[in-house]
Every structure is written in structure tokens, then in C-alpha cells.
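Please keep the sequence and the structure in view while reading.

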Amino acid sequence: MRYLIQNALMHLGLTKLNNILCLLALTFFILIMNTFLFNHSSIYKELSLKETEAPLVAFANDTVVEDDARVFANQIQKNEQILYIDFITKEENLNRAEKQFGSLGKLIKNGFSGSNPFPASLEIYVSSDNLSRKTLEELAFEIEAYETIDDVIFTGHGILTDIFRQTNRMTIASIAFTVFISFLLIRAAVLKTGQTRDDEIHLINIVGATRGFIRFPFLIQGIVLGFFGPLLGITCFYLLYCIFTFQIGVLEFLPYYQLITIMVSGVIIGAFSGFSAFGKYAKTYKNRSVP
Amino acid sequence: MIQLHQVNFSYRDLSVLERASFRLEPGEFGFLVGGSGSGKTTLLKLLYGALTPTSGTVNVLGQSLADLTPSTLPIFRRKIGVVFQDCNLVEYKTVEQNLAIPQKLVKTKIQILRENVNNLLHQMGLVHHKKAYPRQISSNERQRLAIARAIINSPLLLIADQPTDTLDPSLTLEMLALFDALNFQGTTVLVSTTDPELPERYIRAQNAAPKRVFTLKDGNIST
């Protein structure tokens with residue numbers, strides 16, 4: 001084992017500059033991927049806070065009585081895109097405002113000398129499949145056309161869902177790209193070291209090295225690059241997070257399970273790249289070096 | 001020890017060996033003589049399994065090379081010492097590191113390895129160069145290092161591919177005397193050369209015991 005490790009370390013040290021460049025490139029790509037993951041998890045958290053919130057709120061005309069509003073609610077609920085509608089009375093809206101504004105709530109309640117300035121409203125929930133800015137705008141336009149409705153507002157849910165979906169796609173694409181580019185980078189670095197050591201590999205093959213002994217350094221180099229690349233990427237991202245934390249405020253750093261997944265994936269990709277590089281090396285130098 | 005029977009070998013359309021046969025018994029010293037491009041290196045490569053014959057059988061150390069598998073081939077090769085035509089030293093390793101390579105493959109304990117390396121360095125007169133790199137030593141010293149590396153695992157068979165062709169006459173005789181000493185200790189030795197008079201010259205100069213001489217010409221071997 002001692003000689004195997006010695007051999008692997010010597011293999012690694014032989015193309016230092018090559019390995020450093022590979023690590024820098026890996027760090028760069030993992031930094032970009034982390035940015036996507038960070039955006040993704042931040043938007044996801046924000047979206048889960050809004051999960052209970054209605055994406056659309058339609059304020060009823062002041063002249064509309066409760067029974068009419070409920071009939072109207074039943075009427076528009078026939079639209080397939082709408083999941084359900086909550087009817088909120090004027091009193092309920094006043095109570096909510098009182099709660100929302102804390103000590104100032106009483107001022108609101110008493111400020112209008114007994115009259116309630118808040119209109120009744122319809123909180124419209126839309127099925128998650130239809131939750132997009134475009135669908136919500138179409139719905140809002142449709143609802144606003146009714147005389148009983150004064151105004152329709154968006155709570156931001158639809159836009160956020162749109163952004164989340166887009167970020168989701170981009171994050172998946174960035175992960176796929178990073179995996180692919182990491183594989184290529186590590187494989188190229190390992191293969192380069194193999195080519196540099198070609199004379200030695202040819203020699204140890206002739207004097208009786210097993211395939212495992214020859215392959216081991218390729219594997220170790222892949223694993224080392226696959227481990228330190230993501231580690232440097234995460235460290236750089238954390239430093240940037242610390243530097244800009246005063247600007248991004250309450251946003252949390254990447255969750256532990258994601259960090260562990262990145263590290264483990266790095267090692268797996270590294271090992272796979274090392275094996276692949278050895279396969280390519282053995283194929284290219286088949287008659288010369290490897291049994 | 002070595003037995004070639006009706007061996008043919010060709011690189012694509014170019015036939016190198018045609019029904020080549022010869023036999024070298026255990027403990028013998030043999031010269032393989034042939035001109036440039038006669039197929040000496042090819043024949044030696046067949047002996048340590050770096051090439052496979054197109055047809056015919058090659059038996060070395062009681063083992064038919066056709067029966068070797070990728071897992072048994074390395075074990076077989078550890079019993080053979082090879083001195084390459086161009087020494088094949090690892091340029092980024094020091095003299096002692098180059099010498100230690102075969103010992104590491106057989107998992108020799110570190111203390112024994114150091115002892116063996118030092119003993120051989122002394123024996124070969126390379127001890128003061130042990131921290132030097134191959135490019136920093138003379139061609140004679142490189143050749144001696146290559147021989148030391150070939151014999152450090154005490155091989156049963158030593159194959160040397162034109163080890164003396166680049167050396168001056170006195171160094172050539174010195175080198176052959178070294179092989180002779182190894183042969184005296186029981187190692188079977190096969191040395192290839194392009195010089196047809198070398199075996200005779202060596203025997204005369206050193207007053208050495210007669211050697212087997214195999215001549216390789218037009219793909220055939222004659223004794």
C-alpha cells in the first residue's frame with residue numbers, strides 16, 4: 001500500500017501546473033453552479049413562504065352585498081384554472097389590517113369613526129400547474145371585466161413561480177454542464193499526467209507491474225482533483241457570501257445536504273474520470289505500455 | 001529455460017521471424033547476433049511477452065507464453081530482468097529511485113529495499129551518484145544503472161538488448177564481464193548484439209568460458 005500511495009503521489013506531483021490549472025477551472029465552474037444553486041434555494045424558500053397566500057385578490061365593489069359576492073365567487077370558480085376562492089368579508093379585512101399593523105391597528109379601526117373603509121375581497125387560488133404570470137394576468141383581466149369587481153391585485157406569487165421555474169431549469173442545466181465539464185477537465189488532466197509518465201509506465205509494465213498498480217495513480221489523481229475542485233469552489237463561494245452578506249441580508253447559505261452532495265459528486269466524477277482517462281491511455285498506448 | 005519452436009512473427013505484411021527455433025538451457029550464457037533490423041529486439045520482446053508470435057510456441061522459464069493471462073503476465077515478468085537498448089531510465093527519478101522500481105513492484109520491505117539498492121549501487125560503482133538524475137551521469141553509468149535495475153530482483157533470466165553497442169571497446173568488455181559474473185551466480189543470460197565478432201573477442205580477451213551464439217539472419221536462427 002505504501003508503494004501504491006507513493007506512486008500515486010509522485011504521479012500527482014509530476015504535472016503540478018496542469019493540476020493547478022485544472023483545479024482553478026473546476027473552482028470557476030463550481031462557483032458558477034453554486035450561484036445558480038444559491039438563487040434556486042433562496043427563491044424556493046421565498047416561494048414556500050407564499051405557499052398559503054392567494055396569488056390573486058379581487059376587491060369587490062362597495063355596493064355589493066355579501067350574498068351577491070358569494071354568488072359571483074361561485075360563478076367565476078367554474079373557470080378550470082381556479083382551484084378555489086375564499087370570500088373575505090369587509091369586517092374580516094378590517095380585522096386583518098388591525099392585526100397586521102399591531103398598535104396602529106386601533107387607529108385604523110377608530111380613525112374612520114365606525115365606518116369600515118375596507119372592501120370585501122375574493123382570494124383566488126389557482127392550481128400550481130397554471131401558476132404563471134401569464135395565466136394570472138389573463139384571469140385578472142377576465143375578473144376585472146365584471147362590474148362587481150373594483151380592482152384585482154397580484155401578490156407576486158405568479159411572478160415568483162415563473163422565476164423559480166426558470167431558475168430551476170437553469171440550475172439543472174448548470175449542474176449538467178458542470179458535471180460534464182468537470183469530467184472532461186479531470187479526464188484531460190489525468191490523461192496528460194499519464195502521457196507524461198508514459199516511459200515509466202512502459203517500464204514498470206515490463207518489469208511486472210499489475211494493471212491495478214498502473215491504474216491506481218490515475219484513480220487517485222481523479223479523486224483528488226474531484227475533491228479539491230469542489231472544495232475550493234465552495235470555499236470561494238462562501239467567501240463571496242460573507243463579503244456580500246450585508247447586501248443580501250437574510251438569505252441563507254447553501255444547505256448542508258447540497259454541500260455534501262457537491263463534494264460526494266465531485267469525488268465520484270473524479271474517480272470516474274480517472275478510470276476513463278486510464279481506459280483512454282491503455283487504448284492509445286495498448287501495444288506499448290499496458291498489459 | 002528458453003525454447004522457441006517454429007516461431008513466425010510479422011508486423012502487418014513485413015515478416016520479421018520465419019520458423020525461428022532455438023533453445024537456451026538454464027544457467028547458460030547466449031549471444032544473439034544479427035544485423036540492424038534483423039529482428040533481435042522483436043525476438044527478445046517475444047521472450048518477455050511484450051509481443052505475441054503470429055504462430056509457433058515460445059516457452060520461457062517452463063511457461064508457455066500463450067497460456068499467460070493479463071493477471072499472470074506481470075508475475076511472470078518479475079522473474080525476468082530486461083536491459084533495454086536505450087536503457088529506458090525514468091528521467092525524473094534519481095539513480096536510487098530508478099533502481100528501486102522493480103523492488104517496489106514485488107512489495108519488498110522498505111529496509112530490505114534500501115539495503116539492496118545500496119549494495120547494488122556499491123557493486124556498480126554508482127553510490128556517489130545515488131541522488132543524481134540519469135541525465136547527470138555518463139552513458140556507461142546509465143548502462144550500469146539499467147543493468148543494476150534489471151538484476152535487483154535476482155531474476156532467473158536476464159535479457160539484454162544490445163547493451164554494448166553504444167559503448168567503447170573497453171567498456172563493452174567490462175559490461176560483458178559483469179553479465180558473466182551474474183551468469184556464474186546462476187542467472188541465465190541472453191545478450192543481443194550487432195557485432196558478430198563480439199562473442200569471440202570477449203572470450204579471448206577475458207579468457208572466459210565458451211558461450212552459445214545464435215545468429216539471426218533473414219528471420220531464421222542458426223546456432
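Among contacts in chain A between residues at least 6 apart in sequence, 87% join residues at least 24 apart. The model is a predicted one.

The secondary structure of chain A consists of 10 helices and four strands. Along the sequence they follow the pattern α-α-β-α-β-α-α-β-α-β-α-α-α-α. The radius of gyration of chain A is 31 Å, while the globule rule gives 19 Å for 291 residues; the value is well over the rule, so chain A is more spread out than a compact globule. The C-alpha trace of chain A spans about 100 × 40 × 25 Å along its principal axes. Of the 291 residues in chain A, 32% are buried. The table collects these values for chain A.

| Property of chain A | Value |
|---|---|
| Radius of gyration | 31 Å |
| Span of the C-alpha trace along the principal axes | about 100 × 40 × 25 Å |
| Share of buried residues | 32% of 291 residues |

Next comes the contact between the chains. In it, 14 residues of chain A are in contact with 17 residues of chain B. On the side of chain A, the elements that give two or more residues are α1 (2-14), α8 (198-206) and α9 (211-248) of chain A. Which element gives the largest share of that side? It is α8(A), with five residues. Sorted by class, the side of chain A that touches chain B has nine nonpolar, two polar and three charged residues.

Chain B holds an open sheet of six strands, in the order β6-β7-β8-β3-β9-β10, and the pairing is mixed. At the edges stand β6 (80-83) and β10 (220-222) of chain B; each has a single partner strand, so one side of each is left without a neighbour in the sheet. On average, neighbouring strands of this sheet are turned by 20 degrees against each other, direction ignored.

One pair in the sheet can be followed down to residues. Strand β9 (residues 212-217) of chain B runs antiparallel to β10(B), and three bridges join the two. B:Leu216 has B:Ile221 in β10(B) as its bridge partner.

At the other edge strand, β6(B), a helix comes in. Helix α5 (residues 139-151) of chain B lies across β6 and β7 (157-160) of chain B. The helix runs at about 170 degrees to β6(B).

Conventions. Residues are numbered from 1 along each chain as its sequence is written. Chains are lettered from A and ligands numbered from 1 in the order in which they are written. This is a predicted model: local features need pLDDT of at least 70, side-chain atom pairs count only at pLDDT 80 or more; totals for chains, interfaces and linings use all residues. Two residues are in contact if their C-beta atoms, placed from the backbone, lie within 7 Å. Ala, Val, Leu, Ile, Met, Phe, Trp, Tyr, Cys and Pro count as nonpolar, Asp, Glu, Lys and Arg as charged, and the others, Gly among them, as polar. The radius of gyration is taken over C-alpha atoms; the globule rule is 2.2 Å times the number of residues to the power 0.38. A residue is buried if 20 or more other C-beta atoms lie within 10 Å of its own, exposed if 12 or fewer, and partly exposed in between; C-beta atoms are placed from the backbone. Two strands pair if DSSP finds at least two bridges between them. Axes are lines fitted to C-alpha atoms, for helices over the stretch in contact, and angles run from 0 to 180 degrees between N-to-C directions.
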